[in-house]
Amino acid sequence: MHMQLIRKTFTAALAVLAAGLLAFGSTAQAGVKIQKWQTASGSEVYFVENHDLPIVDISINFAAGAARDTAQKSGVAGVTRYLMTLGAAGMSDEKIANKMADVGAILGGDFDADRAAFKLRTLSSEREKTQALDVFTKILQQPDFPEEVLTREKARIISGLQESATQPESISSKAFMAALYGSHPYSLDESGEVDTVAKISRADLLGFYQQYYGAKGAVVAIIGDLSREQAAAVAENITAGLPASAIAAPIPAVTLPTQPVEKRIAHPASQSHILLGYPGIKRGDPDLFPLYVGNYVLGGGGFVSRLTEEVREKRGLVYSVYSYFAPMAEAGPFQIGLQTKKDQAEDALKLVKETLGNFIKNGITEAELKAAKANIIGGFPMRIDSNSKILDYLSMIGFYKLPLNYLDTYNSSVEKVTVAQIKDAFSRRLKPENFVTIIVGDPNAK
Amino acid sequence: MRTKSLLILLLMMPLSVFAAPSVQEFKLDNGLKLIVQEDHRSPVVVSQVWYRAGSLDEVNGKTGVAHVLEHMMFKGTKEVKAGQFSRLIAAAGGKENAFTSTDYTCYFQQLEKSHLPLSFKLEADRMANLQLTDEEFAKEIKVVMEERRWRTDDKPQSKVNEAFQGTVYRAHPYSRPVIGFMNDLENMTADDAREWYHNWYAPNNATLVVVGDVKAEEVYQLAKQHFGKLKAKALPVRKPQVEPEQIGERRTVVKAPAKLPYLLMGYHVPALDHPETDWEPYALEVLAGVLSGNPAARLNQRLVRETQLAIDASAGYDLMSRGHQSVFALDATPSEGKTVAELEAALLQQIEEIKVSGVTTEELDRVKAGVIAADVYKRDSMFYQGMQIGTVETIGFSWKILEDYPNKLRAVTPEQVQAVARKYLLKDNLTVATLDPQPIDPNAKPQGKPHVH
């Protein structure tokens, strides 16, 4: 019970998230040497050979995120991914977990609106690697979706959703995504809704699996203590028995809001939780670099951002205030967030709006641009200083079809950004007059 | 004065073909300890300054001051004005932050390796020359109060945890929250923070940990150049404040807006004291692993998956404690329609089973396999390795105990696991904290079943 307090956990975590989502990498003369090929089954493989540590990291990524759900069946995508790990090729959830634990392997994964991913970290020694990969392969290729496990997990998920519906942080983010995306699938909660999860059947999961877990188009990322030949064999094995489904259709384009939405929700918490935003950008968007560098100055650069300076450092109104773009297959959100005690919530919100308005109207200074570039470019080596970080870049580059030299050209892309481009991009892409604003813990509610 | 240079030998035979990490230890004349772990995989460096000052060292009426001072450490010195610390690190492409716990306060930077001198220059400067102004304090204390609201006051499980600590400990300072009580924060003054800085911020109360693509000898010279001129201080006397033995179960209930109840229970158990000869702390670690080390471990398998009494359940134990106190904790959330009382009985039943029937060799081997693998996986994170070194050094052990840690766990027998369960997990030594969920609409009727207690 040695609790730790971090000076700015929340902001820092989001800044990392935003950076990761944007996947800016670049340079490093000793750059990452990525090998790419296709398996016989039609999956794309991205491999980095590295024998420094006796570890192998693998991830496999499918276009099977929550945006594949419908409002009526919200939750099917997430439950499918989760249930795959809880019963496969006749092995129970207990057996799967024990077999992984017996060799010290770690089964992980990621799930968001675009993507469903499975990750495996194992020692590279033969016995450990073989057993871990055997279980991993069965999870991917022979999921059983046991009926009784589905019933049990649905009850757990529903309890979790009911709890989330009482907590200000989850209430605000759910309301934010719903208001921002309306009927677009990005509005759907990744965990589903209480009444839709209750209705999920085994047939729904089997159908979803057959449709979205095809080998064709799946992206396999591998880094670690394997030769190219060994990596090729691993990639063939884990993709060989996947369904023969067609590549998933593109996610529909996002419609921009034509009028503002402000939603105030009463809550007994001592703080108001405030979110503001607008649909942002997609991967590969030509405005991505100017917006990313600009956002570093606005609210992405932690302690040196304008939002932190104005709202926290000068006035002590918040512990955390941040902004980020989360580029996705289609326009992911631009979001500003903060929490402050209720009686100063209106003042803080006004200040945030002024800071944003001023930023969009006047842009940034040459000195700010120089500082932003120095941090982003100078910080590049820390983006690729571990196998687990590189694995995530491989997955992202592969999943979003970014150029193979993405990491190598990153610094020059940042270097090229100008003050004028940032001002132009922000004023074209963000329309504060049509922003969504969510306030949970409405200061005026009785 | 340079003391020692050692090479960590890898424990596992199959790994012997991989380069062993090299750790070296130095001590400056003013008492500052420096530990350098060379890791040449990437051209980066992590630099961490660990102060042996945490909430453990606070006194009543001034709770939270260790953490407030951590915030104030970014508010300027004679040479570096408020806010500039962060800007200088950012301009070098770096990340920086700090964290405070019961046992320590740590400041860190992650940089491209050529910028290590900047980190040392700034850390040495603020170790001695902090300019703690009333004006900056007045703003920052408001930030910390917002942090408390966000982190504890509006988070039901955090409130349960705070109440649990205050119940399981009565005399020991671990009873008080690291963030501090709100009333103490409201009444804290800049002088309280100055006093804290004056008392504890000194080279002889700090450990500098550097992990990265560096040469240990060069780091030592650099440390002497920047930190060498700082003066050692006489540190305040630390009282042991040993917690009296608990005889009789304790209970506390927290009411907060939530849907689900929550249960947190724990027993006083020993922390690591003599790393070479102790065995109980290692057995307690293995016990925690048997109960919740993986998704098929006992608590999740039996309470979540089989009987479905809980939607989650876990056990935890931390053998590292500068306050020489630890708790073996269990926590769980009941399933819809189940009460915390039913869940508590089920958790106690799991403990009872271990006392009566022990644990299997298979379960032990599984926990040990995880420990061995984790010891390899950690080498993928320089920051985490620095954290481990800094934590054990600040508690008062040598980083060298990390080397032998996997072997210590591997040596634990089923009989030892059963023995610590029998010796410490006793009803008279139990503290139970529960969350009684309240509706978020104050006009609504309470949800769920009333709670037994």
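Among contacts in chain A between residues at least 6 apart in sequence, what percentage join residues at least 24 apart? The figure is 83%. Keep in mind that this is a predicted model. Here's a quick tour, from the overall build of chain A to one helix of chain B.

**Chain A overall**
- Chain A carries 17 helices and 14 strands.
- Its radius of gyration is 23 Å, close to the 22 Å the globule rule gives for 446 residues, so chain A is as compact as a globular protein of that length.
- Along the principal axes, the C-alpha atoms of chain A fill a box of roughly 60 × 55 × 45 Å.
- As for burial, 56% of the 446 residues of chain A count as buried.

**Where A meets B**
- Chain A puts 64 residues into the contact, and chain B puts in 71.

**The nonpolar core**
- The largest nonpolar core has 278 residues.
- The residues with the most contacts inside this core are A:Ile222, A:Val352, A:Leu394, B:Val286 and B:Leu287.
- Leaving out residues up to four places away in sequence, A:Val352 touches A:Leu276, A:Leu307, A:Val311, A:Ile336 and A:Leu338.
- In soluble globular proteins, nonpolar side chains tend to be buried together.

**Helix α14 of chain B**
- This helix spans residues 401–410, and B:Leu402, B:Lys408 and B:Leu409 are buried in it.
- Those three cover an arc of only 90° around the axis, which puts them on the same side of α14(B).
- Their cover includes α9 (280–292), α12 (361–377) and α13 (382–395) of chain B.

Conventions
Residues are numbered from 1 along each chain as its sequence is written. Chains are lettered from A and ligands numbered from 1 in the order in which they are written. This is a predicted model: local features need pLDDT of at least 70, side-chain atom pairs count only at pLDDT 80 or more; totals for chains, interfaces and linings use all residues. Helices (H or I, at least four residues) and strands (E, at least two) are DSSP runs, numbered from the N terminus. The radius of gyration is taken over C-alpha atoms; the globule rule is 2.2 Å times the number of residues to the power 0.38. A residue is buried if 20 or more other C-beta atoms lie within 10 Å of its own, exposed if 12 or fewer, and partly exposed in between; C-beta atoms are placed from the backbone. Two residues are in contact if their C-beta atoms, placed from the backbone, lie within 7 Å. A nonpolar core is a set of buried Ala, Val, Leu, Ile, Met, Phe, Trp, Tyr and Cys residues joined through C-beta atoms within 7 Å. The arc is that of the directions from the helix axis to the C-beta atoms.
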